[in-house]
Amino acid sequence: MTITDDPRLDQAAAHLAAAAELLEAGDTSDQVFSPARGLAAQLQLIGHGLRPGIAPATEAFVPVGTVTAHVDYALSLLDALDPDTGPADLFLWHSRLADLRSRLATLTVPGT
């Protein structure tokens, strides 16, 4: 199995899609460019970068309760991949996701 066939990429992308959905659902502001929606868009971008077209509902998806838990789970899945045999941009997506993870602590949206 090559790394691009690894189901952990699908699972990580699914968790990021679920985290984005939770952020959007929990954002009750009327702002089009709210911090929560901006973060949700970035999570979706990373998820689609890892595996285009993955939605939260996949066969291998393990639902967890909070945005932070989904992001942490996705990070742990990406940590388990061998960067030498992974997609060329794996390090980029992982480092960007780790940066966004720290922003979750400052966000005041229910479900984070």
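Modeller: Gladly! One definition to begin with: axes are lines fitted to C-alpha atoms, for helices over the stretch in contact, and angles run from 0 to 180 degrees between N-to-C directions. Keep in mind that the model is predicted.

Biologist: What makes α1 and α2 roughly antiparallel?

Modeller: The axes of α1 (residues 7-26) and α2 (residues 35-50) cross at roughly 165 degrees, coming within 8 Å. Angles over 145 degrees count as roughly antiparallel, and therefore this pair is described that way. The crossing of α1 past α2 is left-handed.

Biologist: Which residues of α1 and α2 make the contact?

Modeller: From α1 come Leu9, Ala12, Ala13, Leu16, Ala19, Ala20, Leu23 and Glu24, while α2 supplies Ala36, Leu39, Ala40, Leu43, Gln44, Ile46, Gly47 and Leu50. By class, the residues of this contact are 13 nonpolar, 2 polar and 1 charged.

Biologist: How do you know that the span of α3 is close to the expected one?

Modeller: Helix α3 (residues 67-79) has 13 residues, and from first to last C-alpha it reaches 18 Å, against an expected 18 Å at 1.5 Å a residue.

Biologist: Which residues of α3 are called buried?

Modeller: Buried means under 20% relative accessible area. In α3 the buried residues are Val67, Thr68, His70, Val71, Ala74, Leu75, Leu77 and Leu78. Those buried residues pack against α1, α2 and α4 (90-104).

Biologist: And what is the pattern of the protein chain along the sequence?

Modeller: The pattern reads α-α-α-α, with 4 helices and 0 strands. Of the 112 residues in the protein chain, 40% are buried.

Conventions:
Residues numbered from 1 in each chain as written. Predicted model: local features only at pLDDT ≥ 70, side-chain atom pairs only at ≥ 80, totals over all residues. Heavy atoms only, no water. Helix = DSSP H or I, 4+ residues; strand = E, 2+ residues; numbered from the N terminus. Parallel < 35°, antiparallel > 145°, perpendicular 65-115°, else oblique. Left-handed = near helix turned anticlockwise from the far one by under 90°. Contact = heavy atoms within 4.5 Å. Nonpolar A, V, L, I, M, F, W, Y, C, P; charged D, E, K, R; others polar. Expected span 1.5 Å × (residues − 1). Buried < 20%, exposed > 50% of the residue type's maximum accessible area, 1.4 Å probe, protein only.
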